[in-house]
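Work through the exercises below with the model open. Try each task before reading its solution.

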Amino acid sequence: GINAEYGACKGLVSDRPIMEMTIPSVLDPTLAPSGHHVASFFIQYAPYTPKNGPWDEEKKDAFVKKVFSQVDEYAPGFSDSVVGYDALAPPDLERVFGLTGGNIFHGSMGLDQLFTQRPTYLTPAHTTPVSGLYL
């Protein structure tokens with residue numbers, strides 16, 4: 001299959017996307033009718049513009065099926081229990097929530113941007129090369 005992060009950089013949709021799944025209705029039963037639940041997925045590394053053309057409902061549905069089939073491996077019958085869903089591709093996240101490039105982190109944070117490397121390795125403190133400018 002396609003490595004999710006590498007594939008997204010190349011405009012490819014992963015066969016096995018990286019995901020987090022939560023079921024908020026376990027803690028708040030008012031989110032779903034009695035005997036039902038709401039599942040929320042956070043999927044990482046989907047391309048903003050897939051190589052085979054922009055996201056449309058057909059591409060989103062195919063991607064959702066990949067995600068649900070992965071869940072089925074750990075929770076058999078999950079796909080069959082779904083009564084509805086709403087899928088947001090990166091352009092949807094940008095349009096609806098203002099997330100540039102559909103990136104929930106507003107860009108990536110690599111090791112070169114963390115801890116003593118912030119804001120850069122040349123200025124790993126609150127001071128900057130610009131006189132009087134502090135971060």
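Ile23 sits in the loop that links strand 1 (18–22) to strand 2 (40–44). Helices (H or I, at least four residues) and strands (E, at least two) are DSSP runs, numbered from the N terminus. This is a predicted model, where local features need pLDDT of at least 70, side-chain atom pairs need pLDDT 80 or more, and totals for chains, interfaces and linings use all residues. Residues are numbered from 1 along each chain as its sequence is written, and side-chain values use heavy atoms, without hydrogens and water.

**Exercise 1. Classify Ile23 as buried or exposed, or in between, and find its surface patch.**

Step 1. Recall the classes: buried is under 20% relative accessible area, exposed is over 50%, and partly exposed is in between (1.4 Å probe, protein chains only).
Step 2. Ile23 has 37% relative accessibility, so Ile23 is partly exposed.
Step 3. Met21, Ile23, Val26 and Leu27 make up a nonpolar surface patch. Together they have about 400 Å² of accessible area. Patch members have over 30% relative accessible area and no salt bridge; like charges are joined within 9 Å, and nonpolar side chains (Val, Leu, Ile, Met, Phe, Trp, Tyr) within 5 Å. The areas come from the Shrake-Rupley method with a 1.4 Å probe, and for residues only the protein chains shown count as cover.

**Exercise 2. Trace the salt bridges around Asp92.**

Step 1. Start with Lys60. Its side chain meets that of Asp92 at 2.8 Å, N to O. Asp92 lies in helix 4 (residues 90–97) and Lys60 in helix 2, so this pair ties together parts 32 residues apart in sequence.
Step 2. Arg95 and Asp92 form a salt bridge at 3.1 Å, N to O. Both lie in helix 4, three residues apart, about one turn of the helix.
Step 3. Join the bridges. Shared partners link Glu57, Lys60, Asp92 and Arg95 into one network.
Step 4. Asp92 is buried at 11%, and Lys60 is buried at 10%. Arg95 is exposed at 59%.
Step 5. List contacts (heavy atoms within 4.5 Å). Beyond neighbours within four places in sequence, Asp92 touches Lys60, Ala87 and Phe97.

**Exercise 3. Assign the ring geometry of Phe68 with Phe41 and with Phe78.**

Step 1. Rings of Phe, Tyr and Trp (its six-membered ring) pair with centres within 6.5 Å; planes under 30 degrees apart are stacked, over 60 edge-to-face, the rest tilted. The structure has five aromatic pairs.
Step 2. For Phe41 and Phe68, the centres are 5.8 Å apart and the planes at 45 degrees, so the pair is tilted. Phe41 is in strand 2 and Phe68 in helix 2, so the pair ties together parts 27 residues apart in sequence.
Step 3. For Phe68 and Phe78, the centres are 5.3 Å apart and the planes at 80 degrees, so the pair is edge-to-face. Phe78 lies in helix 3 (residues 78–81).
Step 4. Phe68 and Phe78 are both buried. Phe41, Phe68, Phe78 and Tyr85 form one aromatic cluster.

Notes. Salt bridge = Lys/Arg side-chain N within 4 Å of Asp/Glu carboxyl O.
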